[in-house]
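Morning, everyone. I will take a few minutes for the aromatic rings in one structure. Please have a look at it first.

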Amino acid sequence: ADYFQHPPLVMWLQAIVFKILGATDMTIRVLPTGIAAATLGVVWFWARRVGGIWAGWVAFGVLLSSTRYVKYSLQFYLDPFLAFFLVLGAERFHYWLGLSAGPRGAQAIKWGACTGLAAALAFLAKGMPAVVLAVAVLIFLAALRDRTGLKFAIAFFGGGGVVIAAWFMLGGGGEYVARYWTESVRARVGPRDFESITAASGNLL
């Protein structure tokens with residue numbers, strides 16, 4: 001798939017980088033490398049918060065030892081952007097879940113909106129609606145473990161919904177969805193019947 005089969009967030013960010021630093025072979029790597037470094041920072045912070053300083057450095061080292069992660073970080077792939085926003089949202093969601101009852105209720109709207117925003121940006125970075133939707137459903141179900149979870153879930157979908165709505169109104173979201181579903185998905189599915197398309201999901205169930 002080419003880049004035009006994905007939402008435009010990364011293209012917009014890269015255009016800003018080119019505007020500031022110029023368009024060269026070096027500057028095209030600035031943005032994905034920076035995002036990958038930020039993901040390492042989030043992973044380190046998350047593990048450190050949960051298990052202490054050594055856990056932070058172990059998590060940092062494990063991620064950095066992934067050859068594919070390093071490869072994608074040094075070239076212009078969309079995956080580092082998807083990973084960054086998903087990891088950032090998951091870290092904030094985990095932080096909120098770990099709060100005691102009082103602060104968790106008081107901060108449900110703030111962290112719910114931030115987590116929803118991160119999920120929406122993950123979608124705008126690469127698309128992958130199935131992945132983002134699965135994350136949204138899991139967060140929604142996990143949040144509903146108590147009454148404050150409903151506030152979190154509403155803020156989650158509100159925060160993400162604002163971003164997606166703005167994209168549809170100002171950034172051509174409707175055209176992307178139409179082209180993606182009518183061209184990309186149809187080309188990949190091909191002349192297959194419903195039974196063969198759903199066979200894998202049926203086997204899992």
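What follows is a short walk through some ring pairs, and then a charged side chain.

Keep in mind that this is a predicted model. A pair of aromatic rings is described by two things, the distance of the centres and the angle of the planes.

How many aromatic pairs does the count come to? The count comes to twelve. Start with Trp57 and Phe60. Their ring centres are 5.5 Å apart and their planes stand at 75 degrees; edge-to-face means over 60 degrees, so this pair is edge-to-face.

Where do these two residues lie? Both Trp57 and Phe60 belong to helix α3, which covers residues 53-64. They are three residues apart there, about one turn of the helix.

Now a second pair, Tyr72 and Tyr77. Here the ring centres are 4.2 Å apart and the planes are at 20 degrees; stacked means under 30 degrees, so this pair is stacked. Tyr77 counts as partly exposed, at 26% relative accessibility.

Last, the charged side chain, Arg92. Which rings does Arg92 lie over? One of them is Tyr95: Arg92 lies over its face, at 4.3 Å from the ring centre. Arg92 also lies over the face of Trp111, with 4.6 Å to that ring centre.

That is my part; questions are welcome.

Terms used
Residues are numbered from 1 along each chain as its sequence is written. This is a predicted model: local features need pLDDT of at least 70, side-chain atom pairs count only at pLDDT 80 or more; totals for chains, interfaces and linings use all residues. Side-chain values use heavy atoms; hydrogens and water are left out. Rings of Phe, Tyr and Trp (its six-membered ring) pair if their centres lie within 6.5 Å; planes under 30 degrees apart count as stacked, over 60 as edge-to-face and the rest as tilted. Helices (H or I, at least four residues) and strands (E, at least two) are DSSP runs, numbered from the N terminus. Buried means under 20% relative accessible area, exposed over 50%, partly exposed in between (1.4 Å probe, protein chains only). A charge sits over a ring if NZ of Lys or CZ of Arg is within 6 Å of the ring centre and within 35 degrees of the ring normal.
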